[in-house]
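Hi there,

Here is the structure I promised to pass on. My notes on what turned up follow below it.

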Amino acid sequence: MELNDETKLPIFKKAEEIGRITEIIMSNIDVEKDVFMVRDQMRMNGYMIGAKIAAAEGGGLYSLRMECAVLVKLAARELMVQTNYLKNDNLCPPEYIKLLRDEIENLRLLFIEWVDSFDKNDDIQDDWGELFR
């Protein structure tokens, strides 16, 4: 894959979309009511997804790609949990929460296909054991 080819991947495009939606949501959260600083956490998770997809695409080795994939999954799941907080504390319009949740579900479906594309034979033995085999 050439440099920046990851930006053409559907999963990367979806990650960018999630980042934009997250920014819109954060701009609607009243800083005074955000006692747990969910805005900062959501920003980190919203942009972590795309960054780790790009890292996985640049990594090559199966175990490195899988490590990045796990971080993508964790960031997406944390965003989903953070939407519960937004909903429970009425920090954001419900239609924005639904939009983000729907796009995270779309990302999940793309994620499954993306991880299935990883070449398990492109790997080397490391000193960390058989964590990913």
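The crossing of α2 and α4 is left-handed, meaning that the near helix is turned anticlockwise from the far one by less than a right angle. Helices here are DSSP runs (H or I, at least four residues), numbered from the N terminus. On the α2 side the contact (heavy atoms within 4.5 Å) is made by M42, I49, I53, A56 and E57, and on the α4 side by L100, L107 and W114. Seven of these residues are nonpolar (Ala, Val, Leu, Ile, Met, Phe, Trp, Tyr, Cys or Pro), none is polar and one is charged (Asp, Glu, Lys or Arg; the others, Gly among them, count as polar).

A word on the source: this is a predicted model, where local features need pLDDT of at least 70 and side-chain atom pairs count only at pLDDT 80 or more, while totals for chains, interfaces and linings use all residues. Residues are numbered from 1 along each chain as its sequence is written, and side-chain values use heavy atoms, with hydrogens and water left out.

Now the largest pocket. A pocket is an open set of points on a 1 Å grid where a 1.4 Å probe fits, with protein on both sides within 12 Å along at least five of seven lines, and lining residues have an atom within 4 Å of a point. The space in the largest pocket is about 210 Å³. α4 gives the largest share of its lining, six residues, and α3 (62-88) also supplies at least two. Among the lining residues are V72, M80, R108 and F111.

Best wishes

Methods. Grid points are joined across faces, edges and corners, and a volume is the space filled by probe spheres set on the points.
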